[in-house]
Amino acid sequence: MAAGGDFGEVWRVYGVGGELLGEIEVEEHDMPWHRGRFRPQPAFEQLRPLFDEWSRAVDSGDPQPIDQAYEAIRAAVTMTYPNGRQVPEFMLGIEGDHAGFRWHDEPFGDD
């Protein structure tokens with residue numbers, strides 16, 4: 001996982017159509033999670049309910065809603081590293097103006 005993780009780096013979140021939804025400026029690491037300030041663009045508001053559902057699912061601790069919320073987010077957004085290259089695999093949570101994410105250079109397997 002050599003493609004990023006320094007404080008101050010800016011990762012970008014896009015809708016599947018390529019519209020910028022927001023930027024995350026990394027402020028802390030709690031491996032494997034990175035956390036930072038989320039700066040939303042107006043287009044993000046239409047997807048905010050997906051992230052609200054993710055938060056509720058994680059709080060519930062029930063794996064099925066967590067998996068469903070994860071799949072919904074992954075179907076709706078993409079991320080790019082600070083260098084602009086697309087992140088192959090990630091988990092992303094956004095609450096207010098804070099975001100937490102983990103990423104991997106390879107897509108997760110289906111096993």
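Modeller: Start with V10, which is in contact with E23, I24, E25, R39, Y81 and P82, leaving aside its neighbours within four places in sequence. Contact here means heavy atoms within 4.5 Å. This is a predicted model, in which local features need pLDDT of at least 70, side-chain atom pairs count only at pLDDT 80 or more, and totals for chains, interfaces and linings use all residues. Residues are numbered from 1 along each chain as its sequence is written, and side-chain values use heavy atoms, with hydrogens and water left out.

V10 has its place in strand β1. Strands (E, at least two residues) and helices (H or I, at least four) are DSSP runs, numbered from the N terminus. With a relative accessible area of 17%, V10 is buried; buried means under 20%, exposed over 50% and partly exposed in between, with a 1.4 Å probe and protein chains only. V10 and R74 are 64 residues apart in sequence, and their C-alpha atoms are 19 Å apart in space.

One of the contacts of V10 is R39, whose place is in strand β3. R39 is partly exposed, at a relative accessible area of 31%. Neighbours within four places in sequence aside, R39 is in contact with V10, L21, G22, E23 and E25. From R39 to E27, twelve residues apart along the chain, the C-alpha separation is 13 Å.

A nonpolar core is a set of buried Ala, Val, Leu, Ile, Met, Phe, Trp, Tyr and Cys residues joined through side-chain atoms within 4.5 Å. The largest one has 26 residues, and those with the most contacts inside it are W11, V13, I24, V77, M79, L92 and F101. Two or more residues each come from β1 (10-15), β2 (20-30), α1, α2, β4 (77-80), β5 (89-95) and β6 (98-104). The largest share, four residues, is given by α2. In soluble globular proteins, nonpolar side chains tend to be buried together.

F101 touches W11, I24, V26, P32, W33, H34, M79, M91 and L92, not counting residues up to four places away in sequence. Of these, P32 lies in the loop between β2 and β3 (33-40). The peptide bond from M31 to P32 is cis, with omega near 10 degrees. Most peptide bonds are trans.

Next come the two helices. Helix α1 (residues 48-60) and helix α2 (residues 63-76) pack at an angle of about 155 degrees, and their axes are 8 Å apart. That makes α1 roughly antiparallel to α2, since angles over 145 degrees count as roughly antiparallel, under 35 as roughly parallel, 65 to 115 as roughly perpendicular and the rest as oblique. The axes are lines fitted to C-alpha atoms, for helices over the stretch in contact, and the angles run from 0 to 180 degrees between N-to-C directions. On the α1 side, the contact is made by L50, F51, E53, W54, A57 and V58; on the α2 side, by P65, I66, A69, Y70, A72, I73 and A76. By class, this contact has twelve nonpolar, no polar and one charged residues. Ala, Val, Leu, Ile, Met, Phe, Trp, Tyr, Cys and Pro count as nonpolar, Asp, Glu, Lys and Arg as charged, and the others, Gly among them, as polar.

Two further residues of α1 are S55 and D52. S55 is buried, at a relative accessible area of 13%, and touches I94 and E95, not counting residues up to four places away in sequence. D52 is partly exposed, at 34%. In α2 lies Q64, which is exposed at 53%.
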